[in-house]
Amino acid sequence: MAEQVRHICGISGGKDSSALAVYLRHTVPDMEYFFCDTGAELPETYEYLTRLEVILGQPIVRLNSSRGFDHWFEVFRGALPSPQMRWCTKNMKIKPIEDWIGDAPAVSYVAIRADESNRKGYISTKPNIETRFPFVEDGVDHDGVMRILDDAGIGLPAYYEWRTRSGCYFCFYQRKAEWVGLADRHPELFERAVAIEQKVLRDAGIDGEADFTDRAMRGRPYTWSGGETLLQLHSRRDQILEKHEAAMTRAQQTKVNRPLIKVLSETLDEDDDTLPCTVCAL
Amino acid sequence: MAVLADHVRVASRFARSANVERDIAATEPLDGYVVTARALDVVERVAAAAAAGRAGGAWSLTGPYGSGKSSLALLLDAALDGDSAPRRAALKLIAEASPAAAELIAAGHERHGTQASGFHRGLVTADREPLSHTVLRALHAATVRSFGRIPPSGEFKAADALRGAMEDAAVNDPRRTGPSPAALVEVARALAADRPLLVVIDEFGKNLEAIGDGGDTDPYLLQQLAEAGQGAGLPIFLLTLQHLSFEDYLAGVDGPQRREWAKVQGRFEDVAFVESPAQTRALIATVFTVGHDKLRDRIKRWAIAQAKSMRQLGIADLADPAVVASCYPLHPLASLVLPELCSRYGQHERTLFSFLTSPDSASAASYLIKTNLPSRGPLPSLGLEAVYDYFVASGTLSARSSSQSSRWTEIAIRLRDAHGLSIRQKRLAKTISLLNLVSTSGTLRASQKVLRLAEGEVSESLSRLEVEGLVTYRNFADEYRIWQGTDIDIADLLDAAHQHVKHQELVKVLSDIEEPSPVVAARHSAERHLLRVFARRWASSDECAEPLDAFSPYDGEVLLLVNTDPVAPDLNLSQPAVKPIVAAIPTDVGALEMAAREVAAVKMALDNPAVADDWVARRELGERLAQTRVELDHVIVSTFGVGPCRWVLLSNDGNQELPDGQGSAALSVAADIAYPDTPKVRNEMLNRTNLTSQGAKARRLLIEAMIERGGQAGLGFSGHGPEVAMYRALLERTGLHGLDERNDTMTFREPSDPSLQVSWDVLTKEFKRSTARRTNLTDVYAALLSPPVGMKGGVVPVFVVAGLLAFSNEVAIYEHGTFTPLLAPEVAERLVRNPRHFDIKHFANTSGVRRQVIDKLAARLGVRPHFRKHRVANVLAIVGHLVSEVNRLDNYTLRTGNLGPTTLNAREALVRAVEPDELLFNALPKVFGFRPIPADTKSYGQTGAYAEAVGAALDELSACSENLLSELLSLLLNTSAESTRLAITGQAASLQGEVFDPNVRAFVLTMANDTASTNEDWIKTIATVVAQKAPAEWTDEDFERFRHELPERVAAFQRLVALHADRRAHGGGPFDAHRVTVTRSDGHEHVQLVSINQSHRGQVEQALNKALDQLEGITGSRSQARRSLLALLGEQSLPEQPTVSLGAEQAAAGELVGHG
């Protein structure tokens, strides 16, 4: 007898995957929705997930919820993740997903839009997983996604007002203007990010007050945002915002009457061109 | 064509090396000898002493290899002979150099009456042998030379003594000491009583080296001989020839012996035997003889020109044309570098004369044969290139272990490896290298000026060599250099380092070199199936020893004492159970000290920043370091080896001598004493200090299984993975995990294995110690890691987790100070990593009143006692239940103020609780208005009421979220004036596909959702869409906002429903209708559905346009006209009785046009 095929759909907390979940809610029976919880998501994301669960009428399985960022940060004894050492993605996203999927045959639905030609999400290399791209198959583009969300009455996650992606509040892929946004919207989370960074900087230095002195980060000064500490970044708040505003205006002028979310994401992209974390942002 | 050799003759001079014993026999030992100033000085001293009186004298001649010491001995020997050809030759040579000296010798002979017979002369070359043997050979040689044999005792009174000494020396028995000094002194005295005695010991350094080898050479013999020839003594002339001073030879000898020799050396007159460069050049001049007048004239002119150049360069030594001429065919620069070159890299005169006279193809003699003498034009001369070629070709230079030879080697290699140079460039490079080798700043260096003098125009070749990277120009020195390194004087550097190191404490010197590697207590380790490793460090006995930290990877420490006081250091003990400290007390550290300081000096020299840039110096020092390190290692082994070293276990109760056996025997005994109660864990992967990554993974799986599957036999493991082996070894076999027969379940409990008993006692003692206040988990770890248990670091976490599981109802865990109700696998993962982030506190099974409270609460809350029989609900079980209940509450329940006041307070207390017992017996009772329940409460009348209040509050909290949803549902039904969800769903379903405004559309779609299985799910989605937030995340403001917005939404919805109902009433089909609501300023509204019949539309539009044209004239603008018209129409369409009720109202009339 053939094994039961599972149908799974990963939710990132962003609009595309949420729209896909809504889009498929009546067409794929027994869909299992999952979300990889880093324990360090924005409050807006958690709130949005609850909203989405209500709309989907079924719970979204939280993977990894007992071993979030704080857990790994302790287990790795104070080594911050970075683009060079992305243990966050490995331990909090990929491994939990693969463990959860197991070896049963499964169809994974991935929210890459019809108008996104180059993007790659987490596409499992496990042989038991078949990957499908319903938006690409059905030609659903950005506007289509917005329509789906509007129809469901779920709207956008609140963080889109100041940030283009879901993910950890301290994601090292976020832009300078987004850090400023975090400081404005969630001063307590910004404080925590500052505290982590300061602790790591201190431990990596020579005064060796803290627990992790002899550990992984020794001699490797590291800041969340390239080239400066968060405190330095925050002291340039006005300058960053000014630059951001200017970019927004420029974008608005060149493309009239575009939805704010598009302008925001394009101008934030202008800040720096590091690629976002594809797993988190899917 | 003539060659130079036709007119320039080379005197055959020194043999490559003289041997005093062999060359005495030669027919003309002094042929070719040149009496140098230094030699003459010695001759004069000896002759003056001989001429002065009866006594002799003692001289020690110290000079480098090849400086002519042995030849000088031969000269002296000949000069002090009786009337013979050698004496005449010697005196002639001496007279040529200094007639006065020759006269002194004659006076000496006269004074002692030895013109005919000559002195007794014993010349001997020392070997690495006791001094007495050497002296004996010298005396024997003197006797045989004078008498032809050892004369009978009648003729020579010391003959018996001499024979006896000869016999003694011949016996090869280590127990015999050889010839006795007294006998030798007797022979010498007897000889000197006859005629003056000359004793020359060449290579005397070898005797001195023999002392270092442990030969029992008695310095007293030499002292007696010297003393016999001094003052009013006998005419004994004693000469020792050696390369270094006594001190230097005796560097490896211990103090007292060195002092003895210093005393002996004091009896000698020390003569340094070193020639100056000018003297050496004078020697060169004696080698060449020009036998052709015309050539002599040419040489004179050539020399004048060369000397002028030299003067211009500031080289005063060769500014005299006579000197330059005398050295022809050497180019003045060649004569300039040769002395320096020979003394620095070779064997002085010996090397010099080899170069000048040997038949070697690169020698000066060969040069003369090979070089044509042109009849006119510039004279050929032997330049630096030829010198270079000879010294490269001759192995003598680089083979010597001169401290400077590395520099030489490097240059030779660089030049050899340079390819593609023209002959001219190569020559220039050789010249530069030679100048580099001898230059010590000053004028003689490879500056452009000097090079031009040597090689003519050179700038082009120089720049080419620079491009090739073979030569670099050093600005600061105005010099071209061929090697990259700097010219560091390694000997100087080492001297300075020695000076520095000399004053450092030996402990520091040794520690800076390297801490000694740790050692394993082998026997103990093998017996206990684990590794006990002792760290070692250098120590002095006056320090106060601190025991190792419990978390140190080492099980104990060995103090290697570097002073010989047989006292063990004091022990500084703050706690009773500490890791053992063993002192190793050697009997002799002299050799250790010397070896260590040597290594330290070399290391220090190597660390000199200048050396870092100089690979030559670096390599040489590096090799030296390796060599001295090996020596130090040997010395360490012999110093702390079996025999000469005591081992003592330090203890506050009196130190304990340890047995002195092979290897780590003492440490095994120390470990036996310190760790009698180590559990036997037969798993190599786990029972170690640091796990491998595989071991760590297996341990993680094991701990996870212990927590999640503790109730299953074998923890539910299958297969034979490492985690299974760990389980068997530590948990199953020891009984730490086993079947509790009373209730037939697997549990963690007190182990049955006696070897784990003490460990378990220590663990439970630590748990129970934390009753009053929290104990950091590292304290528990420390107790297990320390004696007497000494559990290995890999085992401790598993053992502690087993204990925490066994005591889960009694021991509370706090992470970063926060109470953690459950030891989940991820918590254990962090605990293993960072035990210091965790505290524990012990809650004993409560009794008395508190116990009654607990029981009541357990009954009310439905907390069932744990699976273990003797375990009853206690504080932790109740609080654990409460905490997990609170953790289940959604955000709305945690935020809302819409709860009973006591429930609100109870929620606050539960959320803020830090200490379980504080919550249960103080904070919560207060919330409900009851008395707190201190531990010693005698009676408590409110037990039942308290339990009930807690239960009720918890019930209210749990129901809060559901209550919200029911409230929302009734709110919606009331607002819609409908009684059931079905009615609304039905209405909404009728609108599906008809509504396009996104806001309304989502609301309608949600209301129409019939997939929601329950009313709660249905209202939840509606509430989420309206508030844009799920109710579980609501605050009270969200609720209020919802209540406000709902009527409007519902009204809009109902208007839509009505509109579509109207349309359907009109027969359906495509229609273009508008629903118009007119609101009067008093709030009354009138609703109408208006539409236009398509067939009249054109005509109506025409009429309207006409009317508007007219009105425009009145109102002034078309838009104003439109608005006025609209106002009138609205007024007219209002009925007498305004109404807002919807549904039944029909649009009465009015083909109202709304283009708006």
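B:Arg537 is partly exposed at 22% relative accessibility, where partly exposed covers the range between buried (under 20% relative accessible area) and exposed (over 50%), computed with a 1.4 Å probe on protein chains only. Its side chain meets that of B:Glu557 in a salt bridge, with 3.0 Å from N to O. A salt bridge here is a side-chain nitrogen of Lys or Arg within 4 Å of a carboxyl oxygen of Asp or Glu. B:Glu557 is buried, with a relative accessible area of 8%. B:Glu557 belongs to strand 13 (residues 556-561) of chain B and B:Arg537 to strand 11 (residues 533-539) of chain B, so the pair ties together parts that are 20 residues apart in sequence. Helices (H or I, at least four residues) and strands (E, at least two) are DSSP runs numbered from the N terminus.

The model is predicted: local features need pLDDT of at least 70 and side-chain atom pairs count only at pLDDT 80 or more, while totals for chains, interfaces and linings use all residues. Residues are numbered from 1 along each chain as its sequence is written, chains are lettered from A and ligands numbered from 1 in the order in which they are written, and side-chain values use heavy atoms, with hydrogens and water left out.

**Salt bridges**

Over all chains, the rule counts 60 salt bridges. Side chains of opposite charge can pair when their charged atoms come close.

| Pair | Closest N to O distance |
|---|---|
| B:Arg1043 and B:Glu1040 | 3.3 Å |
| A:Asp151 and B:Arg1001 | 2.7 Å |

B:Glu815 and B:Arg830 are both buried. By contrast, B:Arg1043 and B:Glu1040 share helix 47 (residues 1036-1065) of chain B, three residues apart, about one turn of the helix. B:Arg1043 is partly exposed, with a relative accessible area of 41%, and B:Glu1040 is also partly exposed, at 34%. In chain A, a network of salt bridges links A:Lys15, A:Asp16, A:Arg113 and A:Asp115.

**Chain B and its helices**

Chain B contains 49 helices and 25 strands. Of its 1156 residues, 49% are buried. Among contacts (heavy atoms within 4.5 Å) in chain B between residues at least 6 apart in sequence, 69% join residues at least 24 apart.

Helix 32 (residues 693-708) of chain B has 16 residues and reaches 22 Å from its first C-alpha to its last, close to the 22 Å expected at 1.5 Å a residue. The expected span is 1.5 Å times one less than the number of residues. Buried residues in helix 32 of chain B include B:Gly695, B:Arg699, B:Leu702 and B:Met706. The buried residues of this helix pack against helix 33 (722-732), strand 19 (745-748), helix 36 (796-806) and helix 37 (825-833) of chain B.

Helix 49 (residues 1118-1133) of chain B also has 16 residues. Its end-to-end C-alpha reach is 23 Å, close to the expected 22 Å. B:Ala1121, B:Gly1130 and B:Ser1133 are buried in helix 49 of chain B. Seen down the helix axis, these buried residues fall within an arc of 165 degrees, so they line one face of the helix; the arc is that of the directions from the axis to the C-beta atoms. On the other side of helix 49 of chain B, B:Arg1123, B:Leu1128, B:Glu1131 and B:Gln1132 are exposed.

B:Glu766, in helix 34 (residues 757-769) of chain B, has a relative accessible area of 9% and is buried. Not counting residues up to four places away in sequence, B:Glu766 touches B:Asp779, B:Val780 and B:Ala783. B:Arg528 lies in helix 27 (residues 522-528) of chain B and is buried at 17%. Beyond four places in sequence, the contacts of B:Arg528 are B:Asp672, B:Tyr675, B:Pro676, B:Thr678 and B:Asn687.

**The interface of chains A and B**

In the interface, 22 residues of chain A are in contact with 25 residues of chain B. The buried area is about 2100 Å², of which carbon and sulfur atoms give 49%; buried area is the accessible area (1.4 Å probe) that two parts lose on being put together, summed over both. In chain A, A:Val54, A:Glu74 and A:Asp151 lose the most area to chain B, together 27% of what that side buries. Three salt bridges cross the interface. A:Asp151 forms a salt bridge with B:Arg1001. Helix 2 (43-56), helix 3 (69-75) and helix 6 (142-152) of chain A are the elements that give two or more residues to the side touching chain B. Helix 2 of chain A gives the largest share, five residues.
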